[in-house]
Amino acid sequence: MFAQIDTMRMARDLGAHAARRQRVIATNVANADTPGYRTRDLPEFEESLRRGSLELRTTRAGHLAAGLSGTLVRAVEAEGEPSPNGNTVSIEDELVRQADTKRQFDLSLSVYQSGLSLLRTSLGRR
């Protein structure tokens, strides 16, 4: 039912994008001392949304459908000043990305909760 409501679908997709981005940021921080590691990040949610849904497709009859929806995007190399060992991870930049990701997740949660509240009200429940 919620998949048919665009606002709820967008809130869900934004939350999923924030979760994926947080995973990429955690990987960056974990590799902060790895020589030659390049910082990665996901494109902005708005850019992913503009491209449309990039769902996994079944290309043969024997393949199982993934059952995922939303924007599945790949992490790309982010800009960063390389250290002497070639690593481009900056903990300060990762903290800024993490704060932005938390803001996106909080926004998606707020929209989703508001939508649920509106649906409950329309059904006569509080």
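Is isoleucine 91 buried, partly exposed or exposed? At 39% relative accessibility, isoleucine 91 is partly exposed, where buried means under 20% relative accessible area, exposed over 50%, and partly exposed in between (1.4 Å probe, protein chains only). The legends below refer to a predicted model, in which local features need pLDDT of at least 70, side-chain atom pairs count only at pLDDT 80 or more, and totals for chains, interfaces and linings use all residues. Residues are numbered from 1 along each chain as its sequence is written, and side-chain values use heavy atoms, with hydrogens and water left out.

**Figure 1. Overall arrangement of the protein.** The protein has three helices and two strands, taken from DSSP runs (helices H or I, at least four residues; strands E, at least two) and numbered from the N terminus. Along the sequence these elements follow the pattern α-β-α-β-α. Of the 126 residues in the protein, 28% are buried. Contacts are heavy atoms within 4.5 Å; of those with a separation of 6 or more, 69% are between residues 24 or more positions apart. The accessible surface is about 8800 Å², and carbon and sulfur atoms hold 55% of that area. Accessible areas come from the Shrake-Rupley method with a 1.4 Å probe, and for residues only the protein chains shown count as cover.

**Figure 2. Helix 1 and its buried residues.** Helix 1 has 25 residues and reaches 36 Å from its first C-alpha to its last, close to the 36 Å expected at 1.5 Å a residue. The expected span is 1.5 Å times one less than the number of residues in the helix. Buried residues of helix 1 include Met8, Leu14, His17, Val24, Ile25 and Asn28. Asp13 and Arg21 are also among them.

**Figure 3. Helix 3 and its packing.** Helix 3 covers residues 91-122, which is 32 residues, and reaches 46 Å between its first and last C-alpha, close to the 46 Å expected at 1.5 Å a residue. Its buried residues are Glu94, Arg97, Asp100, Thr101, Gln104, Ser108 and Gly115. These buried residues pack against helix 1 and strand 1. Just after helix 3, glycine 124 takes a positive phi of about 85°.

Figure 4. Side chains of opposite charge can pair when their charged atoms come close. Aspartate 100 forms a salt bridge with arginine 21, with the closest N and O atoms 2.8 Å apart. This pair links distant parts of the chain, with aspartate 100 in helix 3 and arginine 21 in helix 1, 79 residues apart. Both aspartate 100 and arginine 21 are buried. Glutamate 94 and arginine 97 meet in another salt bridge (2.6 Å, N to O). Both residues lie in helix 3, three residues apart, about one turn of the helix. An α-helix has 3.6 residues a turn, so residues three or four places apart point the same way. Glutamate 94 and arginine 97 are both buried. Salt bridges that share partners join Arg21, Asp41, Glu94, Arg97, Asp100 and Arg103 into one network.

**Figure 5. Salt bridge between arginine 12 and aspartate 13.** The side chains of these two residues meet at 3.6 Å, N to O. Arginine 12 is partly exposed, with a relative accessible area of 33%. Aspartate 13 is buried at 8% relative accessibility.

**Figure 6. Surroundings of threonine 39.** Threonine 39 lies in the loop between helix 1 (6-30) and strand 1 (40-41). Threonine 39 counts as buried because its relative accessibility is 1%. Leaving out residues up to four places away in sequence, threonine 39 touches Asn28, Val76, Glu77, Ala78, Thr88, Val89, Glu94 and Arg97.

**Figure 7. Surroundings of valine 89.** Valine 89 is in the loop between strand 2 (76-77) and helix 3. Its relative accessible area of 15% makes valine 89 buried. Apart from residues up to four places away in sequence, valine 89 touches Asn28, Asn31, Ala32, Tyr37, Thr39 and Glu94. The C-alpha atoms of valine 89 and glycine 36 are separated by 9.8 Å, the two residues being 53 residues apart along the chain.

**Figure 8. Nonpolar surface patch at isoleucine 91.** Isoleucine 91 is in helix 3. Val29, Ile91 and Leu95 make a nonpolar surface patch of about 260 Å². Patches are made of residues with over 30% relative accessible area and no salt bridge, with like charges joined within 9 Å and nonpolar side chains (Val, Leu, Ile, Met, Phe, Trp, Tyr) within 5 Å.

Key: A salt bridge is a side-chain nitrogen of Lys or Arg within 4 Å of a carboxyl oxygen of Asp or Glu.
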